[in-house]
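Work through the exercises below with the sequence and the model open. Each task is followed by a solution in steps.

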Amino acid sequence: MNEKKKLIITTALKLFSAKGSAATSMQEIAEICGMSKGSLYLMFKSKEELEASTMEYCIFTLMDEMSQIEHEAGLTSRERLHKQIETLLGHVSELKEFLRVQMRSMMMDEEQNRKEKCKPQNKDLEIRTLHWFKDKLEDLYGPEIEPYTIDLILLTHGLFLSYVKIWFTEMPSLTVSKMASNMLQTIDYAARGLLDQRPTPLVPLEHWPAWSSDSDTDSMMRHPIHIIKQMKDIITSDMPPGQLRNDALETIAILRQEMMEFTPRRAIILGMIRNLDHIPVIQSLHSELQHIMDAMYSRFIQADSSQQ
């Protein structure tokens with residue numbers, strides 16, 4: 001994102017958060033940014049497009065902060081997740097007026113919201129969020145919680161939206177810390193109950209569209225995370241124990257971690273892919289991953305060129 005575009009988005013965000021988007025005009029945003037209204041419309045065709053870009057900016061900023069917490073030393077898995085929930089709620093608190101309008105708009109236009117979810121960048125975010133949450137659950141409750149991943153995602157999503165709704169409309173005195181603690185405690189009760197009773201999951205993980213590679217339509221390429229997971233499974237089961245196998249698994253772990261970052265580092269990803277170049281059992285997957293990454297970076301370079 002170039003500096004001028006970032007200035008417009010951050011200015012709009014401050015105004016939207018302070019008084020809501022309806023009470024904020026494009027003229028006001030342009031004046032604060034020191035540009036004409038016409039120049040503003042050259043970068044954003046409408047106020048709705050600017051609002052969508054502002055929401056996207058909020059999501060990426062939040063993901064960056066979540067990633068930083070992920071790498072903080074000295075925190076247990078539970079403490080780390082608690083801090084991430086607090087960070088999420090803190091952002092919601094700061095953007096209350098803006099998010100109130102966005103949530104109302106999303107509920108009023110379900111068809112448009114469905115189309116937005118199908119965009120490649122939103123599909124990518126959904127996949128990364130799913131893998132992130134699944135890892136969190138397994139850190140807290142062990143690998144046996146995997147079948148209940150989607151059930152717990154749906155529970156957490158419902159809790160979060162309900163908390164935010166009553167916080168915005170009925171109980172502004174609720175605190176971020178109290179809501180985060182209560183949400184995590186409720187997830188605890190549900191997870192331990194599921195592990196104790198072992199019911200059949202309402203929505204098995206393999207049936208969830210974002211998890212299944214079969215969900216890709218219109219000749220879309222598989223998400224790299226799916227391929228990396230398949231590589232790990234094959235190396236674990238088919239390669240004999242030894243240093244080569246250990247190195248391959250370590251490389252895949254680094255590659256997966258980097259792919260889950262908000263801003264994956266191209267040099268590290270390409271370097272790790274190169275390290276896997278001469279492992280026969282994953283040769284076809286390696287070629288597929290290389291092809292996908294080449295296409296992704298090609299699109300990024302073209303997008304950067306078009307904005308300059």
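**Exercise 1. Helix 10**

Task: Which residues of helix 10 are buried, and what end-to-end span should the helix have?

Solution. Step 1: in helix 10, the buried residues are M179, A180, M183, L184, I187, D188, A191, L194 and L195. Buried means under 20% relative accessible area, exposed means over 50%, and partly exposed lies in between (1.4 Å probe, protein chains only). Step 2: an α-helix has 3.6 residues a turn, so residues three or four places apart point the same way. Step 3: helix 10 has 22 residues (residues 176–197), which at 1.5 Å a residue should span 32 Å; the end C-alpha atoms are 32 Å apart, in agreement. The expected span is 1.5 Å times one less than the number of residues. Step 4: after helix 10 comes R198, with a positive phi near 55°.

The model is predicted: local features need pLDDT of at least 70 and side-chain atom pairs count only at pLDDT 80 or more, while totals for chains, interfaces and linings use all residues. Residues are numbered from 1 along each chain as its sequence is written, and side-chain values use heavy atoms, with hydrogens and water left out.

**Exercise 2. The whole chain**

Task: How many helices and strands does the protein chain have, and what percentage of its residues count as buried?

Solution. Step 1: the secondary structure comes to 14 helices and zero strands. Helices (H or I, at least four residues) and strands (E, at least two) are DSSP runs, numbered from the N terminus. Step 2: the protein chain has 308 residues, of which 40% count as buried. Step 3: of the contacts in the protein chain with a separation of 6 or more, 67% are between residues 24 or more positions apart. Contact means heavy atoms within 4.5 Å.

**Exercise 3. Helix 5 and its two partners**

Task: State at what angle helix 5 packs with helix 4 and with helix 10, then classify each pair.

Solution. Step 1: two packed helices are described by the angle between their axes and the distance between the axes. Axes are lines fitted to C-alpha atoms, for helices over the stretch in contact, and angles run from 0 to 180 degrees between N-to-C directions. Angles under 35 degrees count as roughly parallel, over 145 as roughly antiparallel, 65 to 115 as roughly perpendicular and the rest as oblique.

Step 1: helix 4 (residues 47–70) and helix 5 (residues 77–94) have axes 10 Å apart and pack at about 160°. Helix 4 and helix 5 are therefore roughly antiparallel. On the helix 4 side, T61, L62, E65, M66, I69 and E70 meet R80, K83, Q84, T87, L88 and H91 of helix 5. The residues of this contact divide into four nonpolar, four polar and four charged. Ala, Val, Leu, Ile, Met, Phe, Trp, Tyr, Cys and Pro count as nonpolar, Asp, Glu, Lys and Arg as charged, and the others, Gly among them, as polar.

Step 2: for helix 5 and helix 10 the angle is about 130° and the axes are 9 Å apart. Helix 5 and helix 10 are therefore oblique. Helix 5 contributes R78, L81, H82, I85, E86, L89 and G90, and helix 10 contributes V176, S177, M179, A180, S181, M183, L184, Q185 and D188. By class, the contact of helix 5 with helix 10 has eight nonpolar, five polar and three charged residues.

**Exercise 4. Helix 1 against helix 4**

Task: How are helix 1 and helix 4 oriented to each other?

Solution. Step 1: helix 1 (residues 3–19) packs with helix 4 at about 90°, with axes 9 Å apart. Step 2: the two helices are therefore roughly perpendicular. Step 3: K6, I8, I9, T10, A12, L13 and F16 of helix 1 make the contact with K47, L50, E51, S53, T54, Y57 and C58 of helix 4. Step 4: by class, there are eight nonpolar, three polar and three charged residues.

**Exercise 5. Two single residues**

Solution. Step 1: Y141 lies in helix 8 (residues 120–141) and counts as buried because its relative accessibility is 6%. Leaving aside neighbours within four places, Y141 contacts I187, D188, A191, R192 and L195. Y141 and D188 are 47 residues apart in sequence, and their C-alpha atoms are 8.7 Å apart.

Step 1: E146 lies in the loop between helix 8 and helix 9 and counts as partly exposed, at 31% relative accessibility.
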